[in-house]
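Visitor: I'd like a quick tour of this one, please. Could you walk me through what sits around the ligand and how a pair of helices meet?

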Amino acid sequence: MTTADITATADPRLARLLELGTSTVYEGTGEEWWVEPSIRPAWRGARLVGPAFPVLAGPGDNLALQRAVREAPSGSVLVVEAGGGRFGHWGGILTEIALLREIAGLVIHGTVRDIDEIEGLGFPIFATGIAMRHAQKTDPGVIGEPIELAGRAVRPGDVVVADADGVAIVPADRLDEAVENAERRFAQERERIATIRSGEVPAMKVETPAHG
Ligand SMILES: O=C([O-])CC(=O)C(=O)O
Ligand SMILES: [Mg+2]
């Protein structure tokens, strides 16, 4: 069982969002659900879904992460604002604890280390990059409270979906709508692709410029 499976089993809507993919989820509802695109999969094939457990870390400090990995509910995704700095905020040891506690994954506006080890363990991480530099362990930060992740509001329990295209945050109270609209979008795209594969170049999609 992968970490993505843990949450997905608990709520089939989450499994479906992950299958449909972040770009489809985002396009389906046409909302500002995308997250800063420099937050990328830390290893190829990483993907995750689950309710957010937000963390505000001190700059260059991972004490807040050490607290969060011990206190976040099983199945949740740690969503961390770490100021985007070039520190090893997270590594192999924290990953081992996260797996023991059945944490579904990590999304961090910041960098991580021990990446080969983490890939071998299959723990999904989305980060701005990889950096070996030691993170301080002095600032307890804030955990389990709403944050802004690189400018995007994230509340505890909002649904995090992340795959090769990046990270999307679906507000908890809009989950049904997100699934419904992503399904519609997915069906439209399959239809369009079927048309192309039948040998027909479809009409262009043209939009009216937005006002204001
Ligand atoms: O020790 C740290 O601060 C982060 C790390 O490398 C690990 O969790 O393995
Ligand atoms: Mg380490």
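**Around the ligand**

Guide: Keep in mind that this is a predicted model. In it, Arg 113 puts a polar side-chain atom 2.6 Å from an oxygen atom of ligand 1.

Visitor: How much of ligand 1 does the protein bury?

Guide: Start with ligand 1 taken alone, which exposes 270 Å². Of that area, the protein buries 85%.

Visitor: And how many charged residues are in the shell around ligand 1?

Guide: The residues around ligand 1 include Asn 62, Gly 88, Ile 93 and Leu 94, along with Arg 113, Asp 114 and Lys 137. By class, the shell has two nonpolar and four polar residues, and the charged ones number three.

**Two helices**

Visitor: Are α3 and α7 roughly parallel or roughly perpendicular to each other?

Guide: The axes of α3 (residues 22–29) and α7 (residues 175–197) come within 7 Å and cross at roughly 105°. Angles of 65 to 115 degrees count as roughly perpendicular, so α3 and α7 are roughly perpendicular.

Visitor: How many nonpolar residues does the contact of α3 with α7 have?

Guide: On the α3 side, the contact includes Thr 24 and Val 25, and on the α7 side Ala 178 and Phe 186 are among the residues. By class, the contact has four charged, four polar and, for the nonpolar ones, four.

How values were computed: Residues are numbered from 1 along each chain as its sequence is written. Chains are lettered from A and ligands numbered from 1 in the order in which they are written. This is a predicted model: local features need pLDDT of at least 70, side-chain atom pairs count only at pLDDT 80 or more; totals for chains, interfaces and linings use all residues. Side-chain values use heavy atoms; hydrogens and water are left out. Axes are lines fitted to C-alpha atoms, for helices over the stretch in contact, and angles run from 0 to 180 degrees between N-to-C directions. Helices (H or I, at least four residues) and strands (E, at least two) are DSSP runs, numbered from the N terminus. Angles under 35 degrees count as roughly parallel, over 145 as roughly antiparallel, 65 to 115 as roughly perpendicular and the rest as oblique. Contact means heavy atoms within 4.5 Å. Ala, Val, Leu, Ile, Met, Phe, Trp, Tyr, Cys and Pro count as nonpolar, Asp, Glu, Lys and Arg as charged, and the others, Gly among them, as polar. A residue is near a molecule or strand if one of its heavy atoms lies within 4 Å of it. A polar contact is a pair of N or O atoms within 3.5 Å; within protein, one must be able to donate a hydrogen and the other to accept it, and residues adjacent in sequence count only if both atoms are side-chain atoms. Accessible areas come from the Shrake-Rupley method with a 1.4 Å probe; for residues, only the protein chains shown count as cover.
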